[in-house]
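Thanks, everyone. I'll take a few residues one by one, then stop for discussion.

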Amino acid sequence: MPVPLLKTISEEETAKIFVERAERELKADASAYQFANWNYQTNLTDENQKVKLAAAETSGLLSKRLGKEAQGFGVQQITDVDIKRKLKLIKESKKSWKAK
């Protein structure tokens with residue numbers, strides 16, 4: 001009985017999957033942060049400030065994690081200009097959070 005061949009996923013396909021996942025995570029995180037920020041801005045309490053700061057820290061950790069993952073992709077091997085651009089942006093977001 002022949003063994004089915006496994007399809008090899010290219011670097012570009014893997015990068016596309018990563019970018020799609022990262023965008024979903026970043027969108028959800030941005031929504032949570034915006035809600036926490038809006039809540040604090042409209043109701044200035046110590047508790048709301050703590051929630052806002054925790055959301056900001058979570059955003060920073062997410063950016064660092066995704067940026068580190070994005071470092072694993074070589075943009076020279078990617079031909080899709082949108083995927084290449086998004087990978088570069090994700091990599092740069094790691095650098096900006098590292099500075100803070």
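Start with A15. Set aside the neighbours within four places in sequence, and A15 is in contact with F73, I78, I83 and L87. Keep in mind that this is a predicted model.

Now the core that A15 belongs to. The largest nonpolar core has 13 residues. Six of these touch the most other members: A15, F18, L66, I83, L87 and I90. Which elements give two or more residues to this core? They are α1, residues 11-42, α2, residues 46-70, and α3, residues 81-99. The top contributor is α1, with four residues. As background, nonpolar side chains in soluble globular proteins tend to be buried together.

Take L62, which lies in α2. Is L62 buried or exposed? L62 counts as buried, because its relative accessibility is 9% and the cut-off for buried is under 20%. Beyond the neighbours within four places in sequence, L62 is in contact with E25, L26 and D29. Look at L26 in particular. L62 and L26 sit 36 residues apart along the chain, and their C-alpha atoms are separated by 7.7 Å.

Then S59, also placed in helix α2. S59 has a relative accessible area of 9%, so S59 is buried. What does the side chain of S59 make a polar contact with? The partner is the side chain of D29, at 2.6 Å. And D29 has come up already: D29 is among the residues in contact with L62.

That's my set. Over to you for questions.

Terms used:
Residues numbered from 1 in each chain as written. Predicted model: local features only at pLDDT ≥ 70, side-chain atom pairs only at ≥ 80, totals over all residues. Heavy atoms only, no water. Core = buried A, V, L, I, M, F, W, Y, C linked by side-chain atoms within 4.5 Å. Buried < 20%, exposed > 50% of the residue type's maximum accessible area, 1.4 Å probe, protein only. Contact = heavy atoms within 4.5 Å. Polar contact = N/O pair within 3.5 Å; in protein donor to acceptor, adjacent residues only side chain to side chain.
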